[in-house]
Amino acid sequence: MELKPNIYYKTILQYREAELLFEALKLDIFSYLDEPTTLEEFLKSTNYDKENTKYFLSALLSCGYIEKNNLTYCNTKCSKLYLSKNSSKYIGKAILFREKLGSISNIGDKVKDNSLVQHDKLDFLELAEIVHDEMYVTGRVDDFNREIKQLFSDKYRNYKVLDLGGGSGVLSIEFIRNFPNSTAYVFETPEVACISKKIIEKNDMQDRIFVLEGDFNVDVIGDGYDLIIASGIFNFVNMDITKFICKLSDALVLNGYLLIIGSFFENEEYHKEHMLNWLKGYINGMKPAPKKSELKQSMQKANLSLKKRIKVGLFEGELRRKGW
Ligand SMILES: C[S@@+](CC[C@H](N)C(=O)[O-])C[C@H]1O[C@@H](n2cnc3c(N)ncnc32)[C@H](O)[C@@H]1O
């Protein structure tokens, strides 16, 4: 069969389409197109340049982000829901942040010589703030709530929960919403702890959710927990994985639960989505998460039995229980 280079040109187009989306979000185009709007009406609201706006809207139309009917432009249902700032499910800011978070432009410099260039580090502070709304919109919160309601039956009991590297603290906040007499602890680095506290206070839960500042690799994490959440943190565990899992197990009560959320693989060949999103992190020194088989072995040694595998929003997870 004759080989053709078409896939490379397709990739360029996908890249352009992504660039178009980012520019449209920066221009906040979608917030003006919730209702059918003529070019003149759009220009009156935005004061943008007529000719160039017309081309730009044509490009958005060609990609299916907006629709056109006679002389009016309008968001598609999906764009109206997620890309217009008038929607409670707006995630435009999160999309722009994620683009920046994982951007690999010029990363080649660091591939050639690791010592030459200092690339910007992962900004966990901004991530914690941005991820807050995203967790609700992408279904993570709904999935989490469904699982905890199945695990814990007594709405009025005081369960004790630990959210390791909890960032925004959303999962702790949701736990307390479901079990209002419970107590939650968000364990975070001092750098991010201020954001966790801010979000907890905004939700008026500072008397039920406490922020513990430290490094989970070396510091004491407390004990007597009914549930420990370890979501998206395994790339930052720099101690022996079995010792770390045993540390979590020791902190649980017997029959307590460990909820793990993250990407774990069998071998070195990580899948495309993971590699594209985290290449920048790895090149800047982030460690790979443990392999599935390593994790399984560590769980066995730590007396944590698999209860079930779960899906949490866009992520994979598993629930373990202390004891067999
Ligand atoms: C990828 S984010 C995950 C945040 C949140 N758990 C979630 O699932 O959305 C990793 C979090 O772990 C925190 N973290 C990383 N290393 C840590 C450490 N050694 N001790 C405590 N927290 C840490 C970061 O500050 C960040 O908030």
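1. A residue is taken as near a molecule or strand if one of its heavy atoms lies within 4 Å of it. There are 17 residues around the ligand, and Arg 140, Gly 165, Glu 188, Asp 215 and Ser 231 come nearest.

2. The model is predicted: local features need pLDDT of at least 70, side-chain atom pairs count only at pLDDT 80 or more, and totals for chains, interfaces and linings use all residues. Residues are numbered from 1 along each chain as its sequence is written, and side-chain values use heavy atoms, with hydrogens and water left out.

3. A backbone N or O atom of Gly 165 is placed 2.8 Å from a ligand nitrogen atom. For Asp 215, a polar side-chain atom lies 2.8 Å from a nitrogen atom of the ligand. Phe 216 contributes a polar backbone atom, 3.0 Å from a nitrogen atom of the ligand.

4. Helices (H or I, at least four residues) are DSSP runs, numbered from the N terminus. Axes are lines fitted to C-alpha atoms over the stretch in contact, and angles run from 0 to 180 degrees between N-to-C directions. Helix H8 (residues 140-151) and helix H9 (residues 170-178) have axes that come within 10 Å and cross at roughly 45°. That makes H8 oblique to H9; oblique angles are those left once under 35 degrees is counted as roughly parallel, over 145 as roughly antiparallel and 65 to 115 as roughly perpendicular.

5. Where do H8 and H9 meet? In contact (heavy atoms within 4.5 Å) are Val 141, Phe 144, Asn 145, Ile 148 and Lys 149 of H8 with Val 170, Leu 171, Glu 174, Phe 175 and Asn 178 of H9. By class, this contact has six nonpolar, two polar and two charged residues. The classes are nonpolar for Ala, Val, Leu, Ile, Met, Phe, Trp, Tyr, Cys and Pro, charged for Asp, Glu, Lys and Arg, and polar for the others, Gly among them.

6. The axes of helix H2 (residues 39-46) and helix H3 (residues 50-62) come within 11 Å and cross at roughly 115°. Leu 39, Glu 40, Phe 42 and Leu 43 of H2 meet Lys 50, Thr 53, Lys 54 and Leu 57 of H3. Four nonpolar, one polar and three charged residues form the contact of H2 with H3.

Methods:
Helix = DSSP H or I, 4+ residues; strand = E, 2+ residues; numbered from the N terminus. Polar contact = N/O pair within 3.5 Å; in protein donor to acceptor, adjacent residues only side chain to side chain.
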